[in-house]
Amino acid sequence: MSLLKLEKVTKRFGGLVAVNNVSLEISEGERLGIVGPNGSGKTTLFNLISGVHIPDEGRITFRGQDITRFPPYKRAPLGLGRTFQIPRPFASATVRENVAVGAMFGTLGKELSVNECLELADHYLDFMGLRAHADKQAGTLTPVEKKLLEIARALAMKPRLILMDEAMAGMHPKDIDKMVRLIQEVSDRENIAVVAMVEHIMRAVLGLAQRVVVLHQGAKLVDSSTKEALNDPRVVEVYLGHPPEE
Ligand SMILES: Nc1ncnc2c1ncn2[C@@H]1O[C@H](COP(=O)(O)OP(=O)(O)O)[C@@H](O)[C@H]1O
Ligand SMILES: [Mg+2]
């Protein structure tokens with residue numbers, strides 16, 4: 001059984017079909033990249049999965065449960081986590097508290113004491129290399145540290161799947177490499193599926209995603225292994241506009 005399943009999902013904004021009849025399945029622990037040029041429907045698809053938008057047509061199931069009309073706050077405790085393109089930590093709370101909040105609203109929220117949430121926070125702060133910043137106000141972190149904090153917070157929710165919204169846009173290649181390594185490691189170890197939305201097929205996708213779905217004008221154009229997609233002439237044409245480098 002797939003972890004997440006989209007069946008013929010469509011979302012319109014007025015007359016515009018932003019996501020057009022998309023079907024998609026994601027397995028436990030799988031890392032999928034959603035790619036496509038600007039305006040191809042990536043963010044809308046992402047928002048349909050996280051519950052920000054409700055589809056006009058189609059069905060979304062997560063761990064066998066129909067979540068098509070669930071608001072975001074009902075999806076997170078089921079194990080559907082996300083990061084935001086623009087990190088928005090509680091700026092005046094500490095880094096540790098920000099991550100502990102993730103634990104409280106995650107899949108284990110009802111089972112954990114406040115202290116256990118703080119311990120889980122420390123564990124993921126260690127993992128993301130942020131332990132030294134644990135007691136600082138989150139608002140004082142650099143942009144890259146805020147991204148790492150976002151990921152730590154998402155991990156503390158003990159999700160089965162993490163949606164990452166262009167989490168690596170604008171980052172230095174060195175920081176991207178580091179993040180990709182950490183995400184791969186935790187995804188393998190904890191069997192967490194990752195769906196990453198990225199505008200460009202770049203090293204991050206090559207390293208992170210085992211499979212890619214290429215969107216074109218809201219529809220699914222390609223759904224294949226990353227390697228195959230990179231050699232697919234349709235991808236080259238609609239997406240890269242030129243032959244892939246490397
Ligand atoms: N809230 C909205 N209201 C109206 N149109 C929207 C809205 N969100 C996205 N769109 C339109 O839907 C299409 C897909 O947008 P989006 O999902 O943001 O694509 P991407 O993330 O791939 O750039 C675009 O034409 C965009 O203008
Ligand atoms: Mg977008």
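**View 1. H3 crosses H5 in a right-handed sense.** Right-handed means that the near helix is turned clockwise from the far one, by less than a right angle, and left-handed that it is turned anticlockwise. This is a predicted model, in which local features need pLDDT of at least 70 and side-chain atom pairs count only at pLDDT 80 or more, while totals for chains, interfaces and linings use all residues. Residues are numbered from 1 along each chain as its sequence is written, with chains lettered from A and ligands numbered from 1 in the order in which they are written. The H3 and H5 axes sit 6 Å apart at an angle of about 35 degrees (axes are lines fitted to C-alpha atoms, for helices over the stretch in contact, with angles from 0 to 180 degrees between N-to-C directions). On the H3 side look for Val95, Asn98, Val99, Gly102 and Ala103, which meet Leu149, Ala152, Arg153, Ala154 and Ala156 of H5. By class, that contact has 7 nonpolar, 2 polar and 1 charged residues (Ala, Val, Leu, Ile, Met, Phe, Trp, Tyr, Cys and Pro are nonpolar, Asp, Glu, Lys and Arg charged, and the others, Gly among them, polar).

**View 2. Helix H3 is mostly covered.** The buried set is Val95, Arg96, Asn98, Val99, Ala100, Gly102 and Ala103. These residues pack against helix H4 (114-127) and helix H5 (143-156). Helices (H or I, at least four residues) and strands (E, at least two) are DSSP runs, numbered from the N terminus.

**View 3. H3 and H4 meet in a right-handed crossing.** Their axes come within 8 Å and cross at roughly 115 degrees, so the pair is roughly perpendicular (65 to 115 degrees; under 35 is roughly parallel, over 145 roughly antiparallel, the rest oblique). H3 brings Val95, Arg96, Val99, Ala100, Ala103 and Met104 to the contact, and H4 brings Cys117, Leu118, Leu120, Ala121, Asp122, Tyr124 and Leu125. Sorted by class, there are 11 nonpolar, no polar and 2 charged residues here.

**View 4. H4 goes past H5, again a right-handed crossing.** The two axes come within 9 Å and cross at roughly 135 degrees, so H4 and H5 are oblique to each other. Leu120, Ala121, Tyr124 and Leu125 of H4 touch Ala152, Leu155 and Ala156 of H5. This contact has 7 nonpolar residues, with no polar and no charged ones.

**View 5. Eleven residues make up the surroundings of ligand 1.** They are Phe13, Leu16, Ala18, Gly36, Asn38, Gly39, Ser40, Gly41, Lys42, Thr43 and Thr44 (each with its C-beta atom, placed from the backbone, within 6 Å of the ligand). Strand E2 (16-26) and helix H1 (42-50) each supply at least two residues of this shell, and the largest share, 3 residues, comes from H1.

**View 6. Leu48 lies in helix H1.** It has 24 C-beta neighbours inside 10 Å, so Leu48 counts as buried. Leaving aside neighbours within four places in sequence, Leu48 is in contact with Val9, Lys11, Val19, His53, Pro55 and Ile60 (C-beta atoms, placed from the backbone, within 7 Å). Pro72 is 24 residues from Leu48 in sequence and 9.7 Å away in space, C-alpha to C-alpha.

Notes
Buried ≥ 20, exposed ≤ 12 C-beta atoms within 10 Å, placed from the backbone. Contact = placed C-beta atoms within 7 Å.
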